[in-house]
Amino acid sequence: MLYKFIQAIDHIHPLLDAKAHCDVPCGIYDPISAQIDALTVVRMMDLMAGLAEGDEKARVDFHNSMSRYIAVKEEHAEKAKNEIRVIWGDFIKDAHVEKYPELPNLVHKIMQIGSKCRQTADRDNGLAFVESINKFAEIFWAIKDVKTKKANAPYAPGLEMVYPDL
Amino acid sequence: MLKIIKVTGNSLSPFFLSGDYVLVSTSRQSFKRLQIGDSVIFSHPEFGRLIKLVRTNNPEIEILEVEGTHSNSISSHKLGPIPYSTLLGKVIFHFKQSGG
C-alpha cells in the first residue's frame with residue numbers, strides 16, 4: 001500500500017535513485033545460466049519421479065537421494081529466478097520494454113513458475129519454467145542483435161533450448 | 001532530514017531489489033554510529049550514486065568500507081574508501097515491492 005503510494009509519487013515527481021548495480025560494470029549478461037538452472041530443475045524432477053517408482057521407500061538411501069534431489073531443485077529454481085532478476089534489473093532498459101512489451105509479464109511469469117517449481121514436483125511446471133526462460137533468452141539475444149537457434153540440450157533431460165547462433 | 005530514494009540494480013539482492021524504495025536519514029551525526037551491515041547511499045566519483053552495505057566504519061578518520069551482496073558487485077577494493085563527506089544518508093526504512 002505504502003509502496004504503491006511512493007511509486008505513484010515517483011511517477012509524478014521522479015525521486016532520486018541510487019544504483020545497486022551488479023556493477024563492475026562488466027556488461028557480461030547471459031541467460032544461459034538461468035536456462036541451465038531451469039533444465040536442472042526438470043532433471044531433478046525426473047530423478048525424483050524415478051526414485052519414487054522404486055520399491056525402496058523404507059531404505060535410508062531412498063531418503064538420502066530424495067532429499068538431495070529436492071535440495072538441488074530448490075537451489076536451482078531460485079538461482080534461475082535470480083539470474084533473470086539481474087538481467088531484468090541491470091540490463092533491460094525502458095526502450096527494450098517498449099520494443100518487447102511482453103517482457104514484464106514474461107519476467108513475472110518466470111518468477112511465479114520458479115516458485116511453483118520449488119513448491120511442487122510437477123514436471124509440467126518444470127517444462128513451463130524452461131520454456132519461459134527460453135523465451136526470455138530469445139528476446140535477450142534479439143535485443144543484442146544476435147541470432148538464435150534451437151537445439152536439444154546434449155544432456156538429460158535433453159529439452160529444446162535457445163542458444164545464440166554465433 | 002529524511003529522503004526517499006529509489007533502488008536500481010540488484011547488487012544488494014535479495015535484500016534490496018531493483019524498484020524498491022528506501023527512506024534515508026541524512027543526519028551526519030548518525031554516520032559515526034554506522035554498524036557493519038547497515039545500508040548507506042553515497043556518491044562515488046566513478047560509479048555515481050550507489051547504495052551498499054557498510055563493511056567497516058572508522059569514525060576517527062571518517063571513512064567507510066562498503067560492499068554489495070551479489071557475487072557480481074563491485075569489490076570493496078575497487079570502490080575504495082568512502083569518506084563521510086560523500087555519504088548522502090543511512091537507510092532507516094525499506095519499502096519493498098509486494099510479492100516475492
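## Close-up views of a predicted model

**View 1. Chain A as a whole.** Read from the N terminus onward, the elements of chain A follow the order α-β-α-α-α-α-α-β-β, and in this predicted model they amount to six helices and three strands. Of the 166 residues in chain A, 31% count as buried. Among the contacts in chain A with a separation of 6 or more, 65% are between residues 24 or more positions apart.

**View 2. The largest nonpolar core.** This core has 28 residues, and those that touch the most other members are A:A38, A:V41, A:I84, A:F129 and A:I133. Two or more residues each are given to this core by helix 2 (32-53), helix 3 (60-91), helix 5 (103-119), helix 6 (123-143) and strand 3 (160-164) of chain A. A second, separate core has 21 residues, including A:A20 from chain A together with B:I5, B:V24 and B:F31 from chain B. In soluble globular proteins, nonpolar side chains tend to be buried together.

**View 3. The surroundings of A:I84.** When residues up to four places away in sequence are left out of the count, A:I84 touches A:A34, A:V107, A:I110, A:I133 and A:F136. One of these partners, A:I133, is listed with A:I84 among the residues that touch the most other members of the largest nonpolar core.

**View 4. Helix 3 of chain A against helix 5 of chain A.** These two helices pack at an angle of about 170°, and their axes are 9 Å apart. Because an angle over 145 degrees counts as roughly antiparallel, helix 3 of chain A and helix 5 of chain A are therefore roughly antiparallel to each other. On the side of helix 3, the residues that meet helix 5 are A:K73, A:E74, A:A77, A:E78, A:A80, A:K81, A:I84 and A:W88, while helix 5 contributes A:V107, A:I110, A:M111, A:G114, A:C117 and A:R118.

**View 5. Paired strands in chain B.** Strand 4 (residues 48-58) and strand 5 (residues 63-67) of chain B pair in the antiparallel sense over five bridges, and within this pairing B:T56 has B:E65 in strand 5 as its bridge partner. The two strands form a hairpin with four residues between them, and in the turn B:E62 has a positive phi of about 55°. Strand 5 of chain B also pairs with strand 6 (residues 82-83) of chain B, in the antiparallel sense and over two bridges; here the bridge partner of B:L64 is B:I82 in strand 6.

Terms used
Residues numbered from 1 in each chain as written. Chains lettered and ligands numbered in written order. Predicted model: local features only at pLDDT ≥ 70, side-chain atom pairs only at ≥ 80, totals over all residues. Core = buried A, V, L, I, M, F, W, Y, C linked by C-beta atoms within 7 Å. Buried ≥ 20, exposed ≤ 12 C-beta atoms within 10 Å, placed from the backbone. Contact = placed C-beta atoms within 7 Å. Axes fitted to C-alpha atoms, helices over the stretch in contact; angles between N-to-C directions. Parallel < 35°, antiparallel > 145°, perpendicular 65-115°, else oblique. Pairing = 2+ DSSP bridges.
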